[in-house]
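This report walks through a single protein model. Please keep the sequence and the coordinates open while reading.

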Amino acid sequence: MTILHQPISETRRSQERVVSDRHRAGPREFWIYVFVGAVFGIILVKSEVVSWYRIQEMFRFQSFHMYGILGSAMLTAFISLQLLQRLGARALTGELISVPPKVLGRGHRYWIGGVIFGGGWALTGACPGPLFALIGSGVTVFVVTAAAALTGTWTYGYFRPRLPH
């Protein structure tokens, strides 16, 4: 399927249709995802990735702990993707697993998104990923942060078709 000549938004819509037509997660998959998410949350809590103090140490360049975890995660992702691509692994939709090249353009969406993401991370002391792990570990004040993150995600999804991409 050649899609290089289509606008990006049309390409995304066609990919979303393919995914939604070929595979829908059933109850079994749902509980597998919940289990994997819970295990991942436990790992985040035990490795202190969700610790506000560790995050502040990182932003103040006082500790290598978080940089080591982030660096090892990037290295693991890189090696895993290379391995999946070289073995010809396929997604549930049947397509080959690959990472499409990014079109940088002027880069506005990347630096604006990065500033919003980084600002939220610095203000709350929590990356969006571990919010539910924090709530699950008893730091219930992050319910407000999770609600704000979900509201922001919904808002972006609502306005996405009208935004320049």
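How many salt bridges does the count come to? The count comes to two salt bridges, a salt bridge being a side-chain nitrogen of Lys or Arg within 4 Å of a carboxyl oxygen of Asp or Glu.

## Basis of the values

This is a predicted model, in which local features need pLDDT of at least 70, side-chain atom pairs count only at pLDDT 80 or more, and totals for chains, interfaces and linings use all residues. Residues are numbered from 1 along each chain as its sequence is written, and side-chain values use heavy atoms, with hydrogens and water left out.

## Overall build

The protein has seven helices and zero strands. Along the sequence the pattern reads α-α-α-α-α-α-α. Helices (H or I, at least four residues) and strands (E, at least two) are DSSP runs, numbered from the N terminus.

The accessible surface comes to about 12,800 Å². Carbon and sulfur atoms hold 69% of that surface. Areas come from the Shrake-Rupley method with a 1.4 Å probe; for residues, only the protein chains shown count as cover. Of the 165 residues, 15% count as buried. Buried means under 20% relative accessible area, exposed over 50%, and partly exposed in between. Contact means heavy atoms within 4.5 Å. Among contacts between residues at least 6 apart in sequence, 31% join residues at least 24 apart.

Helix α2 covers residues 27-46, which is 20 residues. The expected span is 1.5 Å times one less than the number of residues.

## The charged network

R54 forms a salt bridge with E48, with the closest N and O atoms 2.8 Å apart. R54 also meets E57 in a salt bridge, at 3.3 Å from N to O. R54 and E57 both lie in helix α3, three residues apart, about one turn of the helix. Shared partners join E48, R54 and E57 into one network.

E48 is partly exposed at 35%. Side chains of opposite charge can pair when their charged atoms come close.

## Positive phi in two loops

Most residues other than glycine have a negative phi. E48 is not a glycine, yet has a positive phi of about 65°. E48 sits in the loop between α2 and α3, just after α2.

F61 also has a positive phi, near 55°, and is a residue other than glycine. F61 lies in the loop between α3 and α4. At 68% relative accessibility, F61 counts as exposed.

## The largest nonpolar core

A nonpolar core is a set of buried Ala, Val, Leu, Ile, Met, Phe, Trp, Tyr and Cys residues joined through side-chain atoms within 4.5 Å. The largest one has 13 residues. V50, M66, A126, L131, L134 and F142 touch the most other members. Two or more residues come from each of α3 (52-59), α6 (131-136) and α7 (142-159). The largest share, three residues, comes from α6.

L131 touches A126, F142, T145, A146 and A149, not counting residues up to four places away in sequence. T145 is found in helix α7. T145 counts as buried because its relative accessibility is 18%. Leaving aside neighbours within four places in sequence, T145 is in contact with T124 and L131.

## I69 in helix α4

I69 has its place in helix α4 (residues 65-86). With a relative accessible area of 26%, I69 is partly exposed. Which residues does I69 contact, leaving aside its neighbours within four places in sequence? They are S47 and V49. The C-alpha atoms of I69 and S47 are separated by 8.8 Å, and the two residues are 22 apart along the chain.

Conventions:
Buried means under 20% relative accessible area, exposed over 50%, partly exposed in between (1.4 Å probe, protein chains only).
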